[in-house]
Amino acid sequence: MSAQAPDHRFTALPGRPGKVVAVHLAYASRADQRGRRPAHPSYFLKPSSSVATSGGTVERPAGTELLAFEGEIALVIGTTARHVPLDRAWEHVAWVTAANDLGLYDLRAADRGGNVRSKGRDGYTPLGPGLLDARTLDPGALRLRTWVNGELRQDDTTSGLLFPLAQVVADLSQHLTLEPGDVVLTGTPAGSSVLAPGDVVEVEVDAPDAPGAPSSGRLATTVVQGTHPFDGTLGSLPSVDDTQRTEAWGSRTAAGLSPDPGVPRLTPALRDRLHQAPVAALSAQLRKRGLDAVTIDGVRPLHPGQKLVGTARTLRLVPGREDLFARHGGGHNAQKRAFDGLDEGDVLVIEARGDAGSGTFGDILALRARARGAAGIVTDGGVRDHDAVAAVGIPVYAAGPHPAVVGRRHVPWDVDVAVACGGTTVEPGDVLVGDADGVVVIPPDLVEEVVEAALAQEQEDGWVARQVADGHPVEGLFPMDATWRARFDAWRADR
């Protein structure tokens, strides 16, 4: 009888794992992206048949669209762990390596949180290529990076974990026995997104501050298109909605969706009327309705003769901190996602806390905004490549020029959230109007009422100005008394 051929799926490991346990939500950056921070870790199981090695392929099944990567740090258990205390838990970890916890969001609804079908498919747990000796590593000083087609997409460290690695091991050991060879996937940071056939995703775990900077090497996986269809007579078929698209891509913006489906877009007719209304008149009407804090202060237009009208999309920059920029500033970060996600008629509003000590964008991103059909950009920070941005022609309001890149003072943090810009709050979907006087923010439910009142007031003010120009004194005319009001009403009735 011939010897059984070795199973190459497990060549990166000491053997076939008895079980693969994965953490649902573990990094602060991912939790913030999802808008929820769990108080305790939670887990799910993946079959060992999903394990694969570096250099292989993974299939996006026929009829699906949302295959997403999740770069992770994998722990390989070395000795049996059952009811181990926190301070002894790391002793039961033998090796550390890179993992890609691939998932198919098209099947998440059918799984109802179990992830059996969405994450348990063959090849959906690549591991390797090298094993790092856990005894030589500080579990709080590991780095995880993920690239897609050579572009850095994830960059975080275990200092950003909500639950330290040893806590995960100790907690799991309260509930089940971790046996030698078992694998624990410890969660993914922000930056996970959707893959397409032909994409190559690479994951690396290293300890950059340890002697020799040990590394797992890059775990590489290529996506291929599957051809075998699902049989709907046997079970649930793949299905997606905007919620799953948002979760898979990382944000509504990245998924190509509007920031808030409940906020109506401006109609062409309403947009035209806003173009006719001066910002001063709109501001006055908002004040009459009790809204004073609606102007974005401290910004100036690059083109004073240009009118700005559009619907707000937002980008939040937090104060610069080197470790945070290392985790959030690389790859397709929040700044780049914001510009890539703009739609026709959008105005990108950037919160820079009034700090103009660096640029918040430059000419390349201004060109991207114009190509997407955006209506303008408003930032209470600086603009880099000032003259080149002005030459792009898109309406821009900024605190001033500055030659430095964004990382000098800011960390790109989040998109399509409420931001503070120039002393006022702007929500996605708010309407912005700007001219040489400045920029005003109008709540969407007040737009039609405010613009009609502003245009009516402009007509009245124009008539008053002509009377003053003809030599009439302002007393009784501005504001109008009953006599002048009757004259104005008669004039308007004749038109």
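Which residue stands opposite valine 433 in E27? Valine 309 does. The views below come from a predicted model, in which local features need pLDDT of at least 70, side-chain atom pairs count only at pLDDT 80 or more, and totals for chains, interfaces and linings use all residues. Residues are numbered from 1 along each chain as its sequence is written, and side-chain values use heavy atoms, with hydrogens and water left out.

**View 1. Strand E27 and its two partners.** Strand E27 covers residues 431-435. Strands (E, at least two residues) and helices (H or I, at least four) are DSSP runs, numbered from the N terminus. Two strands pair if DSSP finds at least two bridges between them. E18 and E27 run antiparallel, joined by four bridges. Five bridges join E27 to strand E28 (residues 438-442), again antiparallel. Valine 431 has isoleucine 442 in E28 as its bridge partner. Two residues separate E27 from E28, and the two strands form a hairpin.

**View 2. Both faces of E27.** Five of the five residues of E27 are buried, so the strand is largely enclosed by the rest of the structure. Buried means under 20% relative accessible area, exposed means over 50%, and partly exposed lies in between (1.4 Å probe, protein chains only). In a regular strand the side chains alternate between the two faces of the sheet. One side of E27 carries Val431, Val433 and Asp435. The other carries Leu432 and Gly434. Both faces are covered.

View 3. Arginine 313 and aspartate 346 meet through their side chains at 2.8 Å, N to O. A salt bridge is a side-chain nitrogen of Lys or Arg within 4 Å of a carboxyl oxygen of Asp or Glu. Arginine 313 lies in strand E18 (residues 308-319) and aspartate 346 in strand E19 (residues 346-351), so the pair ties together parts 33 residues apart in sequence. Both residues are buried. Elsewhere, salt bridges that share partners join Arg30, Lys46, Glu70, Asp101 and Lys119 into one network.

View 4. The whole structure holds 28 salt bridges. In one of them, arginine 245 meets glutamate 65 at 3.3 Å, N to O. This pair links distant parts of the chain, 180 residues apart. Arginine 245 is in helix H6 (residues 242-249), and glutamate 65 is in the loop between strand E4 (56-60) and strand E5 (67-68). Arginine 245 is partly exposed at 22% relative accessible area, and glutamate 65 is partly exposed at 32%. Another bridge joins glutamate 151 and arginine 153 at 3.5 Å, N to O. Glutamate 151 is partly exposed at 32% relative accessibility. Arginine 153 is partly exposed at 24%.

**View 5. An open three-stranded sheet.** The strand order is E8-E5-E13, with antiparallel pairing. Strand E8 (103-104) and strand E13 (194-195) stand at the edges with a single partner strand each, so one side of each has no neighbour in the sheet. Two bridges join E5 to E8. Alanine 68 stands opposite glycine 103 in E8.

**View 6. A nonpolar surface patch.** Val468, Val474 and Phe478 form this patch, with about 280 Å² of accessible area together. Patches are made of residues with over 30% relative accessible area and no salt bridge; like charges are joined within 9 Å, nonpolar side chains (Val, Leu, Ile, Met, Phe, Trp, Tyr) within 5 Å. Accessible areas come from the Shrake-Rupley method with a 1.4 Å probe; for residues, only the protein chains shown count as cover. Valine 474 sits in the loop between helix H13 (447-469) and helix H14 (482-493). At 47% relative accessibility, valine 474 is partly exposed.
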